[in-house]
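Please take a moment with the sequence and the model before reading on. The paragraphs that follow move from a sheet to the spaces in the protein, and then to the confidence of the prediction.

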Amino acid sequence: MVNDRLQPRSNWSSAGRLAILSSVLFLSGIGSLIFETLWLRLSGLTFGNSIWSAALILSSFMAGMALGNAFAASSRVQRWRPLQLYACLELVIAFLGCTIVFGLPLVGEWLRPVFQTLWNYQSILLGLRFVLSFLVLLLPATAMGLTLPVLIEDSFLQSAEFGRAIGILYGVNTLGAVTGALLGEAYLIEAFGLLGTALIAGAATSVAAATALLVARRDGAALPAAKPPLPLRLSITYRPPWRLLFVSFVTGGILIGLEVVWFRFLRLYVASSSTAFSIMLAVVLAGIGLGGVVSGTMYSRLTRSNLLLPVLLLCAAILTLFSYEFFPAEIAQTTTSIFDIRSWPQIVLFSFALMFPVAFISGIIFPLIVARVQTSVGDRMNSTGLTTLFNTSGAALGPLLASFVLLPTVGFQWSLLLSAASYTFLAIFVSERGNWSFKRPLGIATFTLLAAFILITALFPYGRDQVHFAHASLPYVRDGRGNLIAHVVKKVEGTSDTLQLLRRDLFGQPYYCRLLTNGFSMSATLPRSQRYMRLFAYLPLALHPGSEDVLLICYGCGVTADAFTHESRLRRIDIVDISKEVFDLATFYSGPYSANPLRDPRVTTFVQDGRFFLQGSPRQYDIITGEPPPPKVAGSVNLYTEEFFSLMNSRLKEGGIATFWLPVDQLKVSEAKAILRAFRDAFPNASVWAGADEEWIMMGIKGPGRRVEEAEIRRLWSDSGTGDDLRRIGIEVPEQLGALFLMDGEEIDRITEDIAPLTDFYPKRLSDAPWDEQASHRFASTYMSASPAIQRFLGSPIIDKIWPPTLNKPLQSYFIVREARYLSRVTGSNGLAELDLYLRHSRLRVPVLEVLGSDEFRLSIAETIARNSEIAPAEAMPDLMAGALARRDFNDAIRLLESEKKLGAIELNDLFILTYLYCVNGEVKKAEDLVASNIGIIKRDWFVDWLWGKLEAEFGFHPPP
């Protein structure tokens, strides 16, 4: 071989040379990992983010890596010095890596007509996406697969022990990837965006290439005058050690499959955010990297590696189970506010406890296998490439097997058990006679570890998984005092998430359901939540009454879908969700007025990434809306960017309307403004609407829109299906719809004047940092204040274009009701004063129910229970009393409160309400007698003074002395 004949002209020691090349590979690891994450992120936006699309993209990348490994396994470096070839490979990675990042969004635009043409041929489209992603990633991934095998051919490393060299180089390269994972996610993407981060990754790989070239130049080895056209020559002169290669293949598959299982398990405990994923990935890579370094530095002591390999595999099996059995779940926080920067040290601890031990052992195992393969193959590059080829191929298969077979079939716990069993099988498979000899220390170790594994398996706590599921649901199934308030109806371990459907009962009847995705409450059918979810549908239906075709992106709990099915004029309702399991759970929801909208014949479901659906589907719609995940959940940010909103606009018919969620109470103010800016840039005709909360609704109209007639809007209330539904959620009259208005496009421009939009290339404008609730309240309250809100409404150009002026006259009172309800929730209020406002100055039902702690759904259950009982149960009395007041039946409300009083169950607050109702009902003497007989339990404070003064001034009530 050429390299063997070259005599080094440098006086560098092999240790010094190894240190320099390690620094080169460290830089290479940084750049390569950053490139890999950027490619996978942007490929998902171009080719889809569904579980199948993600699998195809990852497989494309791994196939390119394997191809590079295959070249290394079957070729010899021909007349090029390895460092010069390595430098060329790094420059190729840098150039193509940046080109892909800059070019992939353009590829998506160019391919959109092709996707739309093939939309009805999904199998062909899926194959095309795989081929395209493979071709896009082929060259740089192949170059990445070649770098380590080529560098190990450096002639100055020939004097170094191969096992030591490969262990240290492999380990340091992986530690560089750790740095890239953390640096890119924690700083670079936020500071420089995806394009700037790609340039920095390119710079890192270019510095690695330049360093390699400088080292080669110092060596003083001149290139021959005539170079062959290719630096590699096909040459296979060895017999592959198939048993060792099989072990390399399976260990690669087990480790990456375990990574999928581990990540799924940890998401029951930690935030599903991009930062959390980068930390978890960094811990796995750190374990592998440190294991590789330890393997290299201690290789001289591991000369009997052929007997040590089974021992290490058995250690991996035992640690797989131990790290799960002794997972420190008891220190986990149980809170619904999991996006907290203080949780990151906890994520590191959990990740270290669960994943680091096995990753560390795996980092030791791989270099040992390469070293043993080298004794059979001879050539260092060939042995490294061959072993890596099989390891990479297994790593490509492992996550597919874990995601599509193991997790959906047997769940995460049995997946861990099967992985441990696979390690044990490999240990037996690769063992030699010496491993079973009690005359050898490693033989004793092998027997001991095997016996320990069998014992651990026999004593394994097979019900432990229920503890972890219970932890994820704990904040939602028990209240602050530990009382059980809900229970799990259905649990599903799917291909991409662990789903738990919870149900809260009231008086023994279903009240509402909550969908947990991993450890996060993704959606719920809470009455208050149903209001804004149903308004996603009713707001555009009211302002675009001729709508026939609608698209719902993200099914959630099906509330928005159900609202659409109430509109009889719709002809087609398309629903897209990335999770098949979310659709499967639709039959398990229950509660008052609950129905399964998927049974409506107009509904068509698509298991697809919503963004790719917009890009690939040729159909256009009158209305596009969504019930999306919260913005800070991992993977959701690209449903809130300017590019996504532009896709929504492109799929609307002229005059069509898009609505989308803006949860101000889950964002920093600057982040909410960045999303508003993005939406406004995509929809010039934009506006924002909301009920009495911080669940805002962004609405965009394609084109100028048209003024809707009053009769067209009122039709929704006159129709029994939509009218009853609207009244249940508190939109009882058409005028209340207008009183949902917050701001138009001009106001968005004003408040976002110095704010950059959230875009695909700057996703970190939506950070993982916790939001400031008080700042969010101050921002939202500006737009909830009734008087300015009315002025904005009446002066808005968009309202002038679309809203019938005949509905403007009574609007002021509804804006006041919204403000009162908002302030009550955010800052608290005098409940009785608020009740008086609603009872005596409006005919609305829902505000009365809400101020008394009830709602139409609770009331429906309470009334059903009362009808089926001779005597209404005491626990239903408050809701029945609230219902009586909602229909202004003061006599019935008084009767119910008097019944409570006779039973001795009346509380002080109810006593004040009864006193107030006596006065309102013209029974002032009863009010005075009631107060006099209970004067001992009434303590004078600001509220009592207010109440006595009000009743005295308005009804002639004489307060006690």
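An open sheet is built from four strands in the order β3-β4-β5-β6, with antiparallel pairing; here helices (H or I, at least four residues) and strands (E, at least two) are DSSP runs numbered from the N terminus, and two strands pair if DSSP finds at least two bridges between them. At the edges stand β3 (487–493) and β6 (520–524), each of which pairs on one side only. From one strand to the next the twist averages 25 degrees, where axes are lines fitted to C-alpha atoms, for helices over the stretch in contact, and angles run from 0 to 180 degrees between N-to-C directions. Strands of a sheet pair through backbone hydrogen bonds, either parallel or antiparallel.

This is a predicted model, in which local features need pLDDT of at least 70 and side-chain atom pairs count only at pLDDT 80 or more, while totals for chains, interfaces and linings use all residues. Residues are numbered from 1 along each chain as its sequence is written, and side-chain values use heavy atoms, with hydrogens and water left out.

Within the sheet, strand β4 (residues 498–506) and strand β5 (residues 509–517) run antiparallel and are joined by eight bridges, and R504 stands opposite Y512 in β5. Helix α13 (residues 464–477) packs on the sheet, touching β3, β4, β5 and β6, and its direction makes about 45 degrees with that of β4; contact means heavy atoms within 4.5 Å. The loop between β4 and β5 holds F507, whose phi is near 55 degrees, a positive value in a residue other than glycine. In the loop between β5 and β6 lies N518, and its phi, near 60 degrees, is likewise a positive value in a residue other than glycine.

Grid points are joined across faces, edges and corners, and a volume is the space filled by probe spheres set on the points.

The second largest cavity holds about 210 Å³ of space. It is lined by 23 residues, of which T525, Q530, R534, S594 and A595 are the closest to its centre. Two or more lining residues come from each of β5, α14 (527–543), α15 (559–565) and α21 (720–728), and α14 gives the most, with three residues.

The second largest pocket has a volume of about 550 Å³, and among its 22 lining residues Y511, L526, P527, R528 and D855 lie nearest its centre. The elements giving two or more residues to this lining are β5, α14, α27 (811–826), α29 (846–851) and α30 (856–867).

How far the model can be read is described by pLDDT, the predictor's confidence in each residue, from 0 to 100. The mean for the protein is 87, and 93% of its residues reach 70 or more. Among the elements, helix α1 (residues 2–5) has the lowest mean pLDDT (38) and strand β7 (residues 549–553) the highest (97). Over residues 1–11 pLDDT stays under 50. Where pLDDT is low, the predicted coordinates should not be read in detail.

Conventions:
1 Å grid on protein atoms, 1.4 Å probe; cavity = no way out; pocket = protein on both sides within 12 Å on 5 of 7 lines; lining within 4 Å.
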